[in-house]
Amino acid sequence: MASREEIMAKVEALIGPFNNKGVELKDATTFAGDLEWDSLTVMDFVAAVEDEFDIIITMNMQAEIETVGQLADAVNKLMDQ
């Protein structure tokens, strides 16, 4: 079982290749606003997260996740199931 800090570190590492603007990552960093990701980038990133953590993030859950912190919390919750 990974801690939230470990999950955040992995999420930040996964964001790296997609962070073309070099945005500093915080809990409140948004994917659409701060990172300026389009839907294709989001789908590629979600696939990478799912592979890394061996989880499935539903479309409904994806629609609710707007920040890096929310993603870390969702991954943590899914890994507990």
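**Asking why: a pocket and its helices**

Modeller: H2 gives the most to the lining of the largest pocket, with 4 residues. Keep in mind that this is a predicted model.

Colleague: Which helices each supply at least two residues of that lining?

Modeller: Helix H2 (39-53) and helix H3 (59-64) do.

Colleague: How much space lies in the largest pocket, and which residues are closest to its centre?

Modeller: The space is about 250 Å³. The lining has 16 residues, and those closest to the centre are Phe31, Val42, Val46, Gln62 and Ile65.

Colleague: What classes of residue make up the lining of the largest pocket?

Modeller: The count is 12 nonpolar, 3 polar and 1 charged.

Colleague: Gln62 is one of the residues closest to the pocket centre. Why is Gln62 called buried?

Modeller: Its relative accessibility is 17%. Buried means under 20%. So Gln62 counts as buried. Gln62 is found in helix H3. Beyond its neighbours within four places in sequence, Gln62 is in contact with Met43, Val46 and Ile57.

Colleague: Now helix H4. How do you know that its length agrees with what a helix should span?

Modeller: H4 covers residues 68-80, which is 13 residues. The expected span is 1.5 Å times one less than the number of residues.

Colleague: Which residues of H4 are buried, and what covers them?

Modeller: Val68, Gly69, Leu71, Ala72, Ala74, Val75, Asn76 and Leu78 are buried. The cover includes helix H1 (4-15), H2 and H3.

Colleague: Take Val75, in helix H4. What makes Val75 buried?

Modeller: Its relative accessible area is 0%. The cut-off is under 20%. So Val75 is buried.

Colleague: What is Val75 in contact with, leaving aside neighbours within four places in sequence?

Modeller: Val75 is in contact with Ile7, Val49, Phe53 and Ile55. Contact means heavy atoms within 4.5 Å. Compare a C-alpha separation: Val75 and Met8 are 67 residues apart in sequence and 9.4 Å apart in space.

Colleague: Where is Thr67, and why is Thr67 called buried?

Modeller: Thr67 is in the loop between H3 and H4. Its relative accessible area is 14%. Buried means under 20%. So Thr67 is buried.

Colleague: What is Thr67 in contact with, its neighbours within four places aside?

Modeller: Thr67 is in contact with Asp27, Ala28, Thr29, Thr30 and Phe31. Thr30 is 37 residues away along the chain, yet the C-alpha atoms of Thr67 and Thr30 are separated by 4.2 Å.

Colleague: What does the side chain of Thr67 reach at 3.1 Å, and which backbone oxygen lies 3.3 Å from one of its polar atoms?

Modeller: The side chain reaches the backbone nitrogen of Gln70. The backbone oxygen is that of Asp27. A polar contact needs N or O atoms within 3.5 Å, so 3.1 Å and 3.3 Å both pass that cut-off.

Colleague: Next, the loop between H1 and H2, where Trp37 sits. Why is Trp37 called buried?

Modeller: Its relative accessibility is 8%. That is under the 20% cut-off, so Trp37 counts as buried. Away from its neighbours within four places in sequence, Trp37 is in contact with Ile15, Phe18, Phe31, Ala32, Val42 and Phe45. The side chain of Trp37 also reaches the backbone oxygen of Phe18 at 3.1 Å.

Colleague: Why is Asp54 called exposed, and Glu52 partly exposed?

Modeller: Asp54 is at 73%, so Asp54 counts as exposed. Glu52 is at 39%, so Glu52 counts as partly exposed. Glu52 is in helix H2. Its contacts, neighbours within four places aside, are Lys10 and Leu14.

Conventions. Residues are numbered from 1 along each chain as its sequence is written. This is a predicted model: local features need pLDDT of at least 70, side-chain atom pairs count only at pLDDT 80 or more; totals for chains, interfaces and linings use all residues. Side-chain values use heavy atoms; hydrogens and water are left out. On a 1 Å grid over the protein atoms alone, a cavity is a set of points where a 1.4 Å probe fits but cannot get out, and a pocket is an open set with protein on both sides within 12 Å along at least five of seven lines; lining residues have an atom within 4 Å of a point. Grid points are joined across faces, edges and corners, and a volume is the space filled by probe spheres set on the points. Ala, Val, Leu, Ile, Met, Phe, Trp, Tyr, Cys and Pro count as nonpolar, Asp, Glu, Lys and Arg as charged, and the others, Gly among them, as polar. Buried means under 20% relative accessible area, exposed over 50%, partly exposed in between (1.4 Å probe, protein chains only). A polar contact is a pair of N or O atoms within 3.5 Å; within protein, one must be able to donate a hydrogen and the other to accept it, and residues adjacent in sequence count only if both atoms are side-chain atoms.
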